[in-house]
Amino acid sequence: GLCFSPDGSELLTMGKDDRLLCWDVCTGRHLNVHYPRVVNKAPLHLDLAAAANGGAGCQLAVAYVPCGRAVHAYDWASGRLREPPLNAHFEKVNTIAKHPSGEEFFSGGDDGAICVWRPPLDGLLQEPDR
């Protein structure tokens, strides 16, 4: 998975090794942000999303990452996991997409549900159709 920071200066990557890594876009240098290991055994790739949550730059940004049946939110700058995980899926989450307005994002999983979320962690806006 790949995701640019809201200001475009950094890139978050996630590979088959279940590690989230943050990179400086201009220099290509790995930034020493220590994100917890993320477990999600997607067969191809995962989609990640980011929201600014106010302010410029990456200091207040949040990265939204599929992790099993939940969506985990990490402080972009520190790598700290925000509590609690966003739970609404019954199967593995594969994709996250941010609406162009930045006011909400969507997660999709193997359960066929699409969940709508509103940063910063306000939770589920509507129950998924079953």
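A residue counts as buried when its relative accessible area is under 20%, as exposed when that area is over 50%, and as partly exposed in between (1.4 Å probe, protein chains only). Strands (E, at least two residues) and helices (H or I, at least four residues) are DSSP runs, numbered from the N terminus. With that in hand, look at strand S7 (residues 70-75): six of its six residues are buried. Ala70, His72 and Tyr74 are buried on one side of S7, and Val71, Ala73 and Asp75 are buried on the other.

Before going on, keep in mind that this is a predicted model, in which local features need pLDDT of at least 70 and side-chain atom pairs count only at pLDDT 80 or more, while totals for chains, interfaces and linings use all residues. Residues are numbered from 1 along each chain as its sequence is written, and side-chain values use heavy atoms, with hydrogens and water left out.

## The sheet around S7

So who sits beside S7? Strands pair here if DSSP finds at least two bridges between them. An open sheet of four strands runs in the order S5-S6-S7-S8, with antiparallel pairing. Strand S5 (49-51) and strand S8 (81-87) are at the edges with a single partner strand each, so one side of each has no neighbour in the sheet. From one strand to the next, the twist averages 25°; axes for such angles are lines fitted to C-alpha atoms (for helices over the stretch in contact), and the angles run from 0 to 180 degrees between N-to-C directions.

| S5 and S6 | three bridges | Ala51 with Val62 |

Now follow the turns. The hairpin of S6 and S7 has two residues between the strands, and Gly68 there takes a positive phi near 65°. In the hairpin of S7 and S8, with five residues between the strands, Gly79 takes a positive phi near 80°.

## Another open sheet

Four strands also form an open sheet in the order S1-S2-S3-S4, again with antiparallel pairing. Its edge strands, S1 (2-4) and S4 (30-31), each pair on one side only. S2 and S3 are joined by five bridges in the antiparallel sense, and Met14 has Leu20 in S3 as its bridge partner.

In soluble globular proteins, nonpolar side chains tend to be buried together. A nonpolar core means a set of buried Ala, Val, Leu, Ile, Met, Phe, Trp, Tyr and Cys residues joined through side-chain atoms within 4.5 Å. Which residues touch the most other members of the largest core? In this set of 17 residues, they are Leu12, Leu20, Tyr35 and Trp76. Strand S2 (10-14), strand S3 (20-24) and strand S6 (62-67) are the elements that give two or more residues to this core. S6 gives the most, with three residues. Apart from this core lies another, of 13 residues, including Tyr64, Ala73, Ala88 and Trp117.

Take Leu12 as a guide. Contact means heavy atoms within 4.5 Å. Setting aside neighbours within four places in sequence, Leu12 is in contact with Leu20, Cys22, Tyr35 and Trp76, among others.

## Cysteines

Cys22 lies in strand S3 and is buried, at 0% relative accessible area. Beyond its neighbours within four places in sequence, the contacts of Cys22 include Leu12, Tyr35 and Trp76. Cys115 is buried too, with a relative accessible area of 1%. How many disulfides (pairs of cysteine sulfur atoms within 2.5 Å) does the structure hold? It holds zero.

## One aromatic pair

Rings of Phe, Tyr and Trp (its six-membered ring) pair if their centres lie within 6.5 Å; planes under 30 degrees apart count as stacked, over 60 as edge-to-face and the rest as tilted. The whole structure has one aromatic pair. The ring centres of Tyr64 and Phe105 are 4.2 Å apart and the planes are at 40°, so this pair is tilted. Because Tyr64 lies in strand S6 and Phe105 in strand S10 (residues 105-109), the pair ties together parts that are 41 residues apart in sequence. Tyr64 counts as buried at 1% relative accessibility, and Phe105 counts as buried at 2%.

Conventions: Disulfide = S-S within 2.5 Å.
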